[in-house]
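Me: I would like to go through this structure and ask what stands behind each label.

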Amino acid sequence: MVSPPPLSLLQVAVTGYVDLRGKMYPVGQVREKILHCKSRGVGLVIVPAEDLDELNEEGWASAEDLQYVQQAVRGARSFVDMLELAVTGAFVMDGAALPW
């Protein structure tokens with residue numbers, strides 16, 4: 001019997017406020033939070049979708065920071081969106097997200 005390849009967890013960070021109905025609200029200082037996640041090796045950062053406008057191409061210290069934002073940051077509009085992104089993005093097999 002052949003064992004499946006090992007799964008490794010990708011570090012996931014989430015920021016934002018979620019109300020009792022599941023709607024996500026924007027927060028401040030998203031750039032600083034994202035740069036801190038990058039320095040800690042976080043592979044997926046989930047922010048409220050409304051905060052994505054703050055992450056335009058201007059104002060980043062380096063092209064490497066901008067590349068990290070483009071690869072690692074995802075926006076969510078609701079708790080369900082956030083949970084789906086976190087679960088599907090957290091499990092990585094051979095560098096690709098699982099198809100479920």
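**Labels and their criteria**

Reply: The accessible surface of the protein chain comes to about 6,800 Å², with 56% of that belonging to carbon and sulfur atoms; areas come from the Shrake-Rupley method with a 1.4 Å probe, and for residues only the protein chains shown count as cover. This is a predicted model, in which local features need pLDDT of at least 70 and side-chain atom pairs count only at pLDDT 80 or more, while totals for chains, interfaces and linings use all residues. Residues are numbered from 1 along each chain as its sequence is written, and side-chain values use heavy atoms, leaving out hydrogens and water.

Me: What makes Lys23 lie over the face of Tyr25?

Reply: A charge sits over a ring if NZ of Lys or CZ of Arg is within 6 Å of the ring centre and within 35 degrees of the ring normal. Lys23 is at 4.5 Å from the ring centre of Tyr25 and lies over its face, so the label applies.

Me: How many aromatic pairs does a search of the whole structure find?

Reply: The search finds 0. A pair would need ring centres of Phe, Tyr or Trp (its six-membered ring) within 6.5 Å; planes under 30 degrees apart would count as stacked, over 60 as edge-to-face and the rest as tilted.

Me: Which residues does Val45 touch, not counting those up to four places away in sequence?

Reply: Contact means heavy atoms within 4.5 Å. By that criterion Val45 touches Ala13, Ile34, Cys37, Tyr68, Ala72, Val73 and Arg74.
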